[in-house]
Amino acid sequence: MRTFKGFDRRTGWLCAAILLAALIGLPLQRAHAAGELSISNPDGAALRALVIGIDDYQHVRKLKGAVADANDIVSSLRTMGVSDVVELTNAQADRASVLREISSLVERTKNNDLVFLSIAGHGTQEPERIKGSEPDGMENVFLLPEFATTPAGSVERILGSEFNHFIRQFELRGARVIFVADIPAMAAEWCAISIRVRLR
């Protein structure tokens, strides 16, 4: 990741977190003792996060920076007082683990919680499974570390519609969801970085 002189990645993520908080109306407070920033949900409910970063792909080109970005997001969230943060990086982010952690996050989510989901790694598109479900006829796909173009390896991916399903499950529990995808290898029609804020 290119950085300006004197502007490191951690500072960038902290600034991004503050900007994101401002955009969605979360109050930032300066902790009295340490002089550090904290973030809180204006509804008084919990902030929760699942952060995924993958560099070490086994059968496709490896990446540089996705894990570092995930580490920085987690560090920034924890620094600002968010305690329910789960991070999956590289081999930890297999399909079974991602689905287990996101399901667990759904189970512990309560009314008015704010849920932050983030994934950084490779992505692609494939023809939609349900005709007419995607504007361009293609579904976004997030590749996991063991993904391969074989019958066994092809299951190591998460469909965009699966993330949409889980986002809906959070919303049904009364939560708000922020979904951030940093997918540099995604097809040109899809943004490399997308932020989806779902507010009631």
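Phe 142 is buried in this predicted model, with a relative accessible area of 1%. Its ring is part of a cluster in which ring pairs link Phe 142, Phe 163 and Phe 179. The protein chain has four helices and ten strands, and 46% of its 200 residues are buried.

**Aromatic pairs**
- The chain holds three aromatic pairs.
- One of them joins Phe 142 and Phe 163 edge-to-face, at 5.2 Å centre to centre and 90° between the planes.
- This pair links strand β7 (residues 138-143), which holds Phe 142, to helix α4, which holds Phe 163, across 21 residues.
- Phe 163 counts as buried at 5% relative accessibility.
- The rings of Phe 163 and Phe 179 are tilted, because their planes meet at 40° with the centres 4.9 Å apart.
- Phe 163 lies in helix α4 and Phe 179 in strand β9 (residues 176-182), so this pair ties together parts 16 residues apart in sequence.
- Phe 179 is also buried, with a relative accessible area of 7%.

**Helix α3**
- The 14 residues of α3 (residues 95-108) should span 20 Å at 1.5 Å a residue, and the end C-alpha atoms are 20 Å apart, which agrees.
- At the start of α3, a side-chain oxygen of Asp 94 comes within 3.2 Å of the backbone nitrogen of Ala 96.
- Buried residues in α3 are Ser 97, Val 98, Glu 101, Ile 102, Leu 105 and Val 106.
- These buried residues pack against β3, β4, β5, β8 and α4.

**Whole chain**
- From the N terminus, the elements run α-β-β-β-α-β-α-β-β-β-β-α-β-β.
- Of the contacts between residues at least 6 apart in sequence, 60% join residues at least 24 apart.
- The accessible surface is about 10500 Å², with 56% belonging to carbon and sulfur atoms.

Definitions and conventions:
Residues numbered from 1 in each chain as written. Predicted model: local features only at pLDDT ≥ 70, side-chain atom pairs only at ≥ 80, totals over all residues. Heavy atoms only, no water. Helix = DSSP H or I, 4+ residues; strand = E, 2+ residues; numbered from the N terminus. Buried < 20%, exposed > 50% of the residue type's maximum accessible area, 1.4 Å probe, protein only. Contact = heavy atoms within 4.5 Å. Areas by Shrake-Rupley, 256 points an atom, 1.4 Å probe, with all protein chains shown as cover. Expected span 1.5 Å × (residues − 1). Polar contact = N/O pair within 3.5 Å; in protein donor to acceptor, adjacent residues only side chain to side chain. Phe/Tyr/Trp six-rings, centres within 6.5 Å; stacked < 30°, edge-to-face > 60°.
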